[in-house]
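Here are my notes on the model, point by point. Please read them with the structure open.

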Amino acid sequence: MSEAAMTTGTAPASFVSDAALKRLQKRKAADRRLKYYGLGAIGIALLLLATLVTSLIITGHTAFLQTHVTYPVYLDPAKIDAQEPSKGNYRSIVRDSFTALFPEVTAVREKRALTDILTSAAPYILRDEVVDDPELIGQTIDFTVPVSDPFDQFMKGNIKRETPEEDRRVTNQEIVWVDQLVAEGRLSKPLNIGLLTNADSRFPEMAGLAGAITGSFFALLVCFLISFPTGIAAAVYLEEFAPKNKFTDLIEVNINNLAAVPSVVFGLLGLAVFLGTFGLPRSAPLVGGMTLALMTLPTIIITTRASLKAVPPSIREAALGIGASKHQVMMHHVVPLAMPGILTGTIIGLAQALGETAPLLLIGMNAFITSPPGGILDPSTALPTQIFIWADSPERGFVSRTSAAILVLLGFLVAMNAIAIYLRRRFERRW
């Protein structure tokens, strides 16, 4: 063997048999294949994710815009009681002011078809404006209101002008009226703020996610207040104080099994216990949060125990060595050092709870709610159940709103996971 080979610890090629070389080449080829398989799997996953997000954007981007019509409205004092503005004849005011734009339309049936361009909620929108500012009575204002869903879909290109009249919801005469409004500059497509500020509605052009977002917030708040302290306390006890016997082993096995139980089972439990036994209000965020807390608890306990185990034993030994009690060791040293991992696991658990639909459907958080809940006991819905409701609606406008709601939900999930990543990197300790 040469001096260079002895120095480097390698044998020259003449000392390596052909069989050994072939085995080495096979191992290297297997390593390359494994690498390519991994890259291929990641590429397929990214492709599928991109396909999903792209399809949602293509379907739902139109929901972030809303067609509005602006026209002058005379707030006739003869039709509005200045002492009680909420009792005015706003339907007549809205109808007469809009038909005045088309003096050639005189037949009652045509006038009715003409006013169908406006959303059915137009009188209520005008009423709210006058109630907020009664001094508008007697004036002529520029009134901006969404158009009804068929005309909104027409303006967005979802209803084609070339489609035969009998196959579309917008007639040829109505298209002529819409073209006149476009020529006069009365139609616009601003950003649809109402998608986030309005509550649910039977009219797609007025439906929004405010009620679902508020309901999800209250439900997650209840879930956090229950699962976070309970999960940490259970994890600390099991990891640091509980004796190691068959009973604690049984508890640990059940906690691990509960983390894999389908969410619908927790919904059935909430339905039977919280609604059936205790008689708590149906569709309330309180019940939804308690049900989600049951589902989130195993995740928080498991992640908390893993975070506690990651704290070096030397921390405990040093604290005990200077006279601290075991309780002080845990509360003053171990738990604070494990808190970044605990918070990360908690946020991930809450993000999982935010996207759950089955348990919320079973406890009734899919009611039709026209205003955001004011507290945890008010009837409410949630983002996943709102998506379920809209997906089941026959109106065409709810198709794009369903995809838009999914994008909003994904946005919240991404934000919560980003917060978890930030907390982990911000407070992570390396030992």
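1. S283 is buried, at a relative accessible area of 7%. Buried means under 20% relative accessible area, exposed means over 50%, and partly exposed lies in between (1.4 Å probe, protein chains only). S283 is not a glycine, yet its phi is positive, at about 70 degrees. Most residues other than glycine have a negative phi. S283 sits in the loop between α11 (263–277) and α12 (285–310).

2. A word on the basis. This is a predicted model, in which local features need pLDDT of at least 70 and side-chain atom pairs count only at pLDDT 80 or more, while totals for chains, interfaces and linings use all residues. Residues are numbered from 1 along each chain as its sequence is written, and side-chain values use heavy atoms, with hydrogens and water left out.

3. Next, the strands. Helices (H or I, at least four residues) and strands (E, at least two) are DSSP runs, numbered from the N terminus. Two strands pair if DSSP finds at least two bridges between them. β1 (residues 68–74) pairs with β2 (residues 140–146) in the antiparallel sense, over 7 bridges. β1 is also joined to β3 (residues 187–188) by 2 bridges, again antiparallel. Look at H68: it stands opposite P146 in β2 and opposite S188 in β3.

4. How many salt bridges are found in the whole structure? The search gives 11. A salt bridge here is a side-chain nitrogen of Lys or Arg within 4 Å of a carboxyl oxygen of Asp or Glu.

5. Some pairs to inspect. R95 bridges to D96, with the closest N and O atoms 3.7 Å apart. R95 is partly exposed at 37% relative accessibility, and D96 is partly exposed at 35%. R127 and D128 meet at 3.4 Å, N to O. R127 is partly exposed at 29%, as is D128 at 37%.

6. Are D152 and K156 buried or exposed? Both are buried. They form a salt bridge, with the closest N and O atoms 3.0 Å apart. Elsewhere, salt bridges that share partners link E239, K244, E252 and R305 into one network.

7. Last, the surface. R23, R27, K28, R32 and R33 form a positive patch. Patch residues have over 30% relative accessible area and no salt bridge; like charges are joined within 9 Å, and nonpolar side chains (Val, Leu, Ile, Met, Phe, Trp, Tyr) within 5 Å. Lys and Arg count as positive. R27 lies in helix α2 (residues 18–60).

Key. Accessible areas come from the Shrake-Rupley method with a 1.4 Å probe; for residues, only the protein chains shown count as cover. The place of a charge is taken as NZ of Lys, CZ of Arg, CG of Asp or CD of Glu.
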